[in-house]
Amino acid sequence: MRGLWHLAWLELKVFLREPMGAFGTLAVPALVFFGANLAGTSIAPQRFAGSEFARTGLPVLAATFMTITAVLSLMTIIAIYREGGILKRLRATPLRPLTILMAHVLVKLALTAVTLVVLALAGRRFVALPEGVSMVSFGAALLYATACLLSLGFLLASFVPTARFAQPLGALVLYPMVGVSGLFVPVEAFPPMLQRIAQVLPFTHAVSLMQGIWLGQPWTTHLGDVAALFATAVVCSALASRVFRWE
Amino acid sequence: MSEPTSRRAVIKVDGLRKTYGSLVAVANASFEVLKGEIFGLVGPNGAGKTTTMECVEGVRRADGGTIAVLDLDPLRDAAQLQPRIGVQLQQSHLQKRITVREAMHLWAALYDRPAADGDRLLAQLGLAEKRDAWFMTLSGGQQQRLFIALALVNEPDVVFLDELTTGLDPQARRAIWDLVRGIRERGKTVFLTTHLMEEAERLCDRVAIMDSGRVIDVDTPARLVSRHCPDRLVVVATDAADAAIRFGSIPGVSRVNLVDGRYEIEGQNDDLTTAVIQCVSAHGMRVSDFRAVTPTLEDVFLALTGHSIRD
């Protein structure tokens, strides 16, 4: 893992120097924050703030989309680096594929954490943190799930022919997974066959973990989800380091 | 330079073969690169030079043959080999918004061994003022020089340079040649590819001529020329009587033609020029023009392959 911190720090700086990178990561959440606070006093209907969706659905929905964004963004960056010959240049150095993955995971986690903090601040008028739930615990669940799922993105990135295919391919794989993850409809409501499929898909466990933590359940009741996500990370990383294409 | 046989080979390639589907990129390449020399793989675009070099670097897997770099297998022993080599690829990029200084620091951080003095390297390469510039703002020549700097960051024993002056103007090209000679002065071995015969002739201690995936011959440029293009030509303009007869009697001269008032003296004598000068001087000829035409590697390539390198 030589060069990991160096590469991660550099990738973070390079990302923030991209006009869209800095804008999308810091400015958009900040705008949401200010917009929400401006609008908060006048238009936030009490009925929404007290609704079931606002109390339990919205935070997990937002968190899941942060994870999806991180995974898609990782896929795109790896594809751009491959297409641009950056990966090829790195290949002739002692840098290993897993170090590159880890560096990008660190960057994405840092950005996800920043986004979460900004959104939490923006949303506190509408979404109250449930009794006995700490933002730190929920944040940890989000970051853990994201970190594990990024390895899936890294694996997918090995199959993306060009940067232009990264988003469509990512969407094609990720959105159906999210669709059956229990985020919109509880997994128990699916036919048995679909339930079994949902149970082996990593997003189901990410959603289950984040939902549980948000609803105040202890981490110990979600050890299965934690283990499933960890297994996803191990398997995807191992596969990715074997099939990883530098060019 | 000293005799090749007395020096250690740092790169040994034997019977290298690489295909892409039905396309045979490298059919058969065998050569050795000796310690401390500048070795050039020379041939037209598509000859298989880059593929050969990338197999030697361990960036590509060969289909057949054996490769040893510093007595290591480039793929199997990659972890041991990579710290000891420096690579400049023909086509590569860095992150658009990485600065020159950041790239140097990152590269230095990737290696265990003590890094070269990055600031000095950048100064030598004329990049000192560009230290804080983003990669995307550098000119082609500046990017090329940065890649050379990155290839030298880990003080490698062997440096690979693939078509390093392509796209550069003649002045920048000469500056890069001086730099490559400087790498050799520091005791490193340089393995480069080029499709520029002039570059090979001026820069390389030895060259391998490559065409259609095969290495045809390996030697110093001078020996390749005398081996494959033994014909020498000296052109003399003189009004001396009997000039044709006198030139014709020089040992080794095969033909003397009078073209537009100039005698074209052809022969296979390596010392033809000296012999002609001695003849002119011995007979007190008045000479108004004198020119020795020496074959170049381009002529060698033509003689070996039957086609010009520019085709």
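Start at a turn in chain B: in the hairpin that links β11(B) and β12(B), with 2 residues between the strands, B:Asp260 has a positive phi near 50°. The model is predicted, so local features need pLDDT of at least 70 and side-chain atom pairs count only at pLDDT 80 or more, while totals for chains, interfaces and linings use all residues. Residues are numbered from 1 along each chain as its sequence is written, and chains are lettered from A and ligands numbered from 1 in the order in which they are written. Helices (H or I, at least four residues) and strands (E, at least two) are DSSP runs, numbered from the N terminus.

Now follow the strands. Two strands pair if DSSP finds at least two bridges between them. Strand β11 (residues 253–259) of chain B runs antiparallel to β12(B), joined by 6 bridges. Here B:Val253 stands opposite B:Gly267. B:Val234 has B:Ile265 of β12(B) as its bridge partner.

Together, 4 strands of chain B form an open sheet, in the order β11-β12-β10-β13, with antiparallel pairing. Its edge strands are β11 and β13 (287–293), each pairing on one side only. Neighbouring strands are turned by 15° against each other on average, direction ignored. Such angles run from 0 to 180 degrees between N-to-C directions, and the axes are lines fitted to C-alpha atoms, for helices over the stretch in contact.

In a regular strand the side chains alternate between the two faces of the sheet. Strand β12 (residues 262–267) of chain B has B:Tyr263, B:Ile265 and B:Gly267 on a covered face. B:Arg262, B:Glu264 and B:Glu266 make up the uncovered one. Helix α10 (residues 272–282) of chain B lies across β10, β12 and β13, at about 20° to β10(B).

Turn to the two chains. 18 residues of chain A are in contact (C-beta atoms, placed from the backbone, within 7 Å) with 19 residues of chain B. On the chain A side, α1 (4–17) and α5 (86–91) are the elements that give two or more residues. α1(A) gives the most, with 5 residues. The chain A side divides into 7 nonpolar, 5 polar and 6 charged residues. Ala, Val, Leu, Ile, Met, Phe, Trp, Tyr, Cys and Pro count as nonpolar, Asp, Glu, Lys and Arg as charged, and the others, Gly among them, as polar.

Note on methods: Contact = placed C-beta atoms within 7 Å. Buried ≥ 20, exposed ≤ 12 C-beta atoms within 10 Å, placed from the backbone.
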